Structures are given as C-alpha cells and as structure tokens.
Amino acid sequence: MDEDYNQFIKKIHNKLGINLNLYKEAQMRRRITTLKNKRGFTSFNSYYNALMTNGDLLNEFIDRLTINVSEFYRNPKRWEVLKNTIFPQLLKNNHSISIWSAACSTGEEPYSLAILLREYFPNIRVRILATDLDENVLQRAKEGIYPKQALKDLPQPLINKYFTEKNHLFHIDPSLKKDITYKKHNLLADPYPNNMDLIVCRNVVIYFTDEAKDIIYNNFGKALKQNGVLFVGSTEQIFNPNQYNFKLIDTFFYQKN
C-alpha cells in the first residue's frame, strides 16, 4: 500500500508539478484515500490512470487538494486593522499599491481588497494579482458570483453598493474586476512576483510541512518591497519572523525589515 501511494505522489509531481511530500502527510493522504475510495478505485495506480484520462476526476482531485474555503472580510477585525493601520502606512507617500492575494481560491479575498481600497482610498491606483493552483476556482473567481453565506461578514452598505442579487446569488460589480489579474500559480514550484507592497496569504500555509513553510516565507520576503507587509491567517502565526527578515507589526501582520 505504501509503495502504491508513494508511486502515486511521484507521478502526480512529475505530471502536475504538485509535490504532495510538502503537504502534511497524514492529512493529505486521508483526503486522497477518501476520494479514491469514493470513486471506487482499489489502488492508487488505477486512480492515477483514471485521473489522466478523465478531466472531471482530475478537476475534483485538484479541488480537494486546494481546500477552497473562503468568504468576504474573513475575520473582520483583521480587515479593520488593514483599513485603519496597514493601508494608511503603506500609502503614506504613495499614490499606487501592488498587492498579491496568494492562494486566492474563489476570489472573495481579492475582491474584498478591491472593495476596501475603492471605498476608503478612492484616489489610489490599485494593482491586485490573485493566484491559485486550481484553474477551476480561478474561473469561478473571474465570474464573481457568490452565495449569501460568503458575504456574511461584509457590512450591508457594501453589499448594497458592490453586489447585484439575482436568484439568491450575489454578482460582484464588474468595475472591481479591472483592478485584479487572475493567474495560475504553485507556491511550491513557480517563480514569485516581486515589488509587492502587500501579500495576503491566509489559511493556506497551515496545510504545509515546516520545510515548505520555510520556502514560502523566504520567497514572500523576497517578493515584498522594503517595509512591505505580509498578512497571514488566524491559525498561521509566525513564531520566528526574524528568520525571514520580518517583524510583527500587528496580530497576523508582518513587515519586511
């Protein structure tokens, strides 16, 4: 069984460029095994062969790897800090801002950033790069259509202003889309962008090994401008920020030294 699984993750790495060894093994293995069994495959080898010939199965597999859970203004108190402290600091001598929403899932995070900037810093030029490993979620992000549940932390006036409700689904204002570029990106394999003022990567790194976290945080440090800021998730406190040339400036916000 172990050899079957090991061969599977090697082949996935060779074919898709996704290195499953960098994810926490027990958690990832359980997730993939459940999926394999649910689809009626008795071995990882037969499951792999099916993935390579069936687009729907492959999409489901990548969806399951990338754990797409998101909502607008997730952890609202942190967004208040972003609005009241972080953005004013980053924009003190600037009329433009470059932001990377890494592992952006279905787009709630980059659209939240676009709404916040449009609402409170309307004269700033905004460039948001939003990336994810999963092309399916990127497509959904580009469409910008959400269930009511995804908007539960967004203040009602902002919902009224930036969404149109049709058949119980909420469509994002198309004008917000022009500030955002969506792109496929693998945090563990692809080159990182550079000269970013702010990187937002939340509730993603928790799924990786310590070795993978080191790679990602080092790369984030290089991707940020001097004094740029990294905003992480509520389960992802960095216990040794100095190691990556970061300093803590507020809960879950780290500035590049």
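## Where H1 meets H3

In H1, the residues Asp 4, Tyr 5, Phe 8, Lys 11, Ile 12 and Lys 15 meet Phe 44, Asn 45, Tyr 47, Tyr 48, Leu 51 and Met 52 in H3, contact being heavy atoms within 4.5 Å. The residues of this contact comprise eight nonpolar, one polar and three charged, where Ala, Val, Leu, Ile, Met, Phe, Trp, Tyr, Cys and Pro count as nonpolar, Asp, Glu, Lys and Arg as charged, and the others, Gly among them, as polar.

## Basis of the description

This is a predicted model, in which local features need pLDDT of at least 70 and side-chain atom pairs count only at pLDDT 80 or more, while totals for chains, interfaces and linings use all residues. Residues are numbered from 1 along each chain as its sequence is written, and side-chain values use heavy atoms, with hydrogens and water left out. Helices (H or I, at least four residues) and strands (E, at least two) are DSSP runs, numbered from the N terminus.

## The open sheet

Seven strands form an open sheet of mixed pairing, in the order S6-S2-S1-S7-S8-S10-S9; two strands pair if DSSP finds at least two bridges between them. Strands S6 (180-184) and S9 (246-250) stand at the edges with a single partner strand each, so one side of each has no neighbour in the sheet.

Within the sheet, S7 (residues 196-201) and S8 (residues 224-232) pair in the parallel sense over five bridges, and Val 200 stands opposite Phe 231 in S8.
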